[in-house]
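Trainee: I've got a new structure open and I'd like to talk it through with you. Can we go over it piece by piece?

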Amino acid sequence: MEDRSIQIQLGIGAIAASVFLIAVAIPFWVSSPSNVPNVILSPLFWPNVLAALTGLIGAGLIVTSIARPRPEKPDASDVDDRPAAFTRLAIMAVIMIASVLVMPRLGLVWTAMLTFAATAFLVKTKHPRSALVCAVVIPLVLYVFFAHIAGVAVPQGDFVRLP
Amino acid sequence: MSFIDSLLAGLQLVSNVEAFLALALGVAIGVIGGAIPGMSATMAVALTLPFTFSMTPITGILLLLGVYKGGIFGGSIPAILIKTPGTPASSATVLDGYPMAEKGQAGKALGMALWASCTADLISNLALIFFAGFLASFALSFGPPEFFTLILFSLTIIAGVSGDSLLRGGLSAMLGLLLATIGLDLVYGTNRFTFENPNMMGGLNFIAVLIGLFAIPEILSMVWNPASQDGVARSLGRNKVTFQEYRRSFKSIVRGSFIGVFLGSIPGIGAAPSAFLSYSEARRKSPNKEDFGNGEIEGVAASEAGNNGVAGATLIPLLALGVPGDVITAIIMGAFMIHGLQPGPMMFVLNVDIIYGLFIGLIVSSIFLFFLGSVAIRGFKYVADIPRGVLFPAVLILCIYGVFAVNNNIFDVGVMFAMGGVGFVMMRYKVPAAPFLIAFILGPLLEDNFRQSMLMSGSSGWVLFRGPITWFFWTLTAITVFAIVRAGIRATRHQATGTSQP
C-alpha cells in the first residue's frame, strides 16, 4: 500500500475513533460520581482529552497526506496471492479464537498441541514430522516447567489429566 | 548507606550460583534469540519474562538483563553472515559486515563485532553506575508536576523518533494511553470501559498487551507470507580478528560507545540511530573512509559499539527516573513491577541492595557476553537452520503459556490475541508499536501525576509550570516537537519536489 493512502486511511480511522469515543464510548462506558468538584478531576476528563487529541492527530495525518506526491506506479504487493493470504489470516484468527474457547474444556496442554499442529500445517511447514514431534514435546516440557517448577495451576481440562 | 556498604549489600545479594547462572543463561538465550532472523531481542526478553515469575527479583531481572545484552549482540551475527539484521540495531553492521563476509572474512568481522560489543557494553555499564545514582538523587526532589512534565517529554520524544513520522508515533502513543484508561478510576474508583467484566477492572494485563503487540504480529506476518526469507549463510573463513586491528579501531569503538551512552540515556532514541551515527562519525574521521561500505573492519567496530553502548545507558532513565529508555527497558520495568518493585529515585533509597546487585551483574554480563558470544558465532549455522514453520508455532505456544501463567487467567490469552491483531494492523499500516507500549505503561503514571498536581493546586494549571525543573522539561518538549515537525515538513517538501534529502 502506498504511503499517502496509508496516511489518509489512518487519519480517517483516527477521526472516526475519536468521534465514537466522545459521542458513544465515554458517555456510556465511563462512569463518574455526581459530586466531582472540578471537571479536571472527573474520571471523564482524561479519556475525553485523549480522544480529542486522537481526532486532532487524525486531522493532521489527512492534512499532511495531501502534501505528499502521488506515486507514479502503485507499490507491488508483498505477497503473490492476496486472497490466499487473507484466507490464511482468517483461518489463523479462527485457530486463536478456538484455542481460547476450548482451553477450559480440553486443558492448556492439549489445546497447545492442537494449536501448534494447526499453525504449522497452516503455514505449510516443510518439516511436518519435526512439527508433529515439537507439537507434542514443547507443550509437555512447558507444562512440566510451569506446573511443577513455577507452581502455576495449569488447566487440565475435562478429558485427559496429566500428573 | 555509604557507597562501600551499598556495594557490599549488592554483592551479598548476587554472590550465589543461581544469580550468575541466570545471567549466563540470559546472555545465551539473548544471543540465540537475536541471531534468529525474524525474532528480535525484544521478543526474546518478552518471552523470557514469564519464566522469571518463580524466581527471586534479582535473579529474574538479571536473567532479563542477560537476554537484553545477548540479544543486541546476537543481532549482528545474521547481519554479517546472511545480510539480515537480527535486530533493527544491527542494520548498520550489515554495511561493512556483509561485504567482509563476501570476501571470506566473516570470522574477522564477527570477532570484531564481539570485541567492540563487549568494550561498548562495559563502558555503557560504567556510565550507568556513575550517572544513575547522581540522577536519582536529583530526582528525589521531583513532585507530581515535575514527573508529569518528564513523562510528557519522554512520550513526545518516543512518539517522534520511533516511526516514520511524529503523527503516526503520536497516534500510536494515544492508542496506548487510551488503552491504559481501562479499569477502575485512580481517584474515584469508578468503572472506565470495564463493561462490568471483573477481568478488566484492574486494567488490561501488561504482559498480555506486550506479547500480543510484539510476538503475535510476527507470527501473523509468517502466516500472511510463509515464503522463506532465509538468506545464504557465509562461512566464517579462517581469518580471526587481531589485537592490532582492535587497537586500530579502538578510537571508533570508544567514540561509538559514548555516542551510545549519550543517545541511550535519552528516553526513546534507541540503538539503531546510535549505531548509524557512530558509523558515520567513524567514516568521517577515518583515513580509510573510501573503504567504508566495502568491507572496512572499523565500520563493523563503530556500528557495533554504537548499538551496544546504548544497552547499559537505557537503564539510566529507568532506574533513576522510572521512565523506560526503550521498549526492552519498558519490559524490564514490567518485570520490576511484577516482582513488587517500582523503578525510580526511591529505589535508590529503599532497595539499594538490588540496585548495586544489578550493577555487579551488569559488569559480569560483559564477561559472559564475550565467552558465550564466541561460542554463538561458531554455532550460528544450527540456529539459522531452525525451520520457520516449526519455530513460529513454538513461539505461539510459548506466548500462550507465558501469558496464562501471569494470572492463571484464560482471559489474558484472549487479550494477547486481540492485541496481536491490533499489532499486525499497526505493522501493516507502518504505525510504530514502541510508543503504544511505552504509553500504555506510562499512561497511568502520567494521569496520576496530572491529577495529583491538580489536587495539590486546587485545579490550577499553573502548578505544571511551578519551577525550573518543569520549565526545563517543557522547553525540551517544545524543542523536540519543533525539531521533529521541521524535519517532517522538509522531508515532505523534498518528496513533493522529487529531490532526495541531503
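This is a predicted model: local features need pLDDT of at least 70, side-chain atom pairs count only at pLDDT 80 or more; totals for chains, interfaces and linings use all residues.

Trainee: Which residues are linked with B:Arg451 in a network of salt bridges?

Mentor: Start with the pair B:Arg451 and B:Glu447, whose closest N and O atoms are 2.8 Å apart, within the 4 Å limit. Both sit in helix α21 of chain B, four residues apart, about one turn of the helix. The network that holds this pair links B:Arg451 with B:Asp185, B:Arg192 and B:Glu447.

Trainee: Is B:Arg451 buried or exposed?

Mentor: The cut-off for buried is under 20% relative accessible area. B:Glu447 is buried at 3%. B:Arg451 has a relative accessible area of 2%, so this residue is buried.

Trainee: With which residue does B:Lys285 form a salt bridge?

Mentor: Look along helix α13 of chain B, four residues from B:Lys285, which is about one helical turn. The closest N and O atoms of the pair are 3.8 Å apart, and the partner is B:Glu281.

Trainee: B:Arg284 also forms a salt bridge with B:Glu281. How far apart are the closest N and O atoms there?

Mentor: B:Arg284 and B:Glu281 are three residues apart in helix α13 (residues 271-285) of chain B, so about one helical turn separates them. B:Arg284 counts as exposed at 53% relative accessibility, whereas B:Glu281 counts as buried at 19%. Their closest N and O atoms are 3.0 Å apart.

Trainee: Then there's B:Glu304, which is buried yet has no salt bridge. What is the nearest side chain of opposite charge?

Mentor: B:Glu304 lies in helix α14 (residues 297-313) of chain B. Apart from neighbours within four places in sequence, its contacts are B:Phe73, B:Ser76, B:Thr93, B:Ala113, B:Ala116 and B:Ser117. Glu counts as negative, so the search is for a Lys or Arg. At 12 Å away, the nearest one is B:Lys69.

Trainee: On to the two chains. How many salt bridges are there between chain B and chain A?

Mentor: Over all chains, the structure holds twelve salt bridges. Across the interface of chain B and chain A, eleven residue pairs are in polar contact. For salt bridges between chain B and chain A, though, the count is zero.

Trainee: About how much area do chain B and chain A bury between them?

Mentor: The contact takes 60 residues from chain B and 74 residues from chain A. Of the buried area, 78% is on carbon and sulfur atoms. The total comes to about 6100 Å².

Trainee: Which element gives the largest share of the side of chain B that touches chain A?

Mentor: Among the elements giving two or more residues to that side are α19 (388-407), α20 (410-428), α21 (434-457) and α22 (468-497) of chain B. By class, that side has 39 nonpolar, 14 polar and seven charged residues. With twelve residues, the largest share comes from α19(B).

Trainee: Where is A:Phe146 placed?

Mentor: A:Phe146 counts as buried at 1% relative accessibility. Beyond its neighbours within four places in sequence, its contacts include A:Gly151 and A:Val152, along with B:Pro50, B:Phe51, B:Tyr401, B:Gly402 and B:Ala405. Its place is in helix α5 (residues 128-149) of chain A.

Trainee: Phi of B:Phe193 is a positive value. Near how many degrees is it?

Mentor: Most residues other than glycine have a negative phi. B:Phe193 is in the loop between β2 and α10 (206-214) of chain B, and it is buried, with a relative accessible area of 7%. Its phi is near 50 degrees.

Trainee: Last one: with which residues is B:Lys103 in contact, leaving aside neighbours within four places in sequence?

Mentor: B:Lys103 lies in the loop between α6 (91-102) and α7 (106-139) of chain B. It is exposed, with a relative accessible area of 51%. The contacts are B:Asn294 and B:Gly295.

Methods:
Residues are numbered from 1 along each chain as its sequence is written. Chains are lettered from A and ligands numbered from 1 in the order in which they are written. Side-chain values use heavy atoms; hydrogens and water are left out. Buried means under 20% relative accessible area, exposed over 50%, partly exposed in between (1.4 Å probe, protein chains only). Contact means heavy atoms within 4.5 Å. Buried area is the accessible area (1.4 Å probe) that two parts lose on being put together, summed over both. A polar contact is a pair of N or O atoms within 3.5 Å; within protein, one must be able to donate a hydrogen and the other to accept it, and residues adjacent in sequence count only if both atoms are side-chain atoms. Ala, Val, Leu, Ile, Met, Phe, Trp, Tyr, Cys and Pro count as nonpolar, Asp, Glu, Lys and Arg as charged, and the others, Gly among them, as polar.
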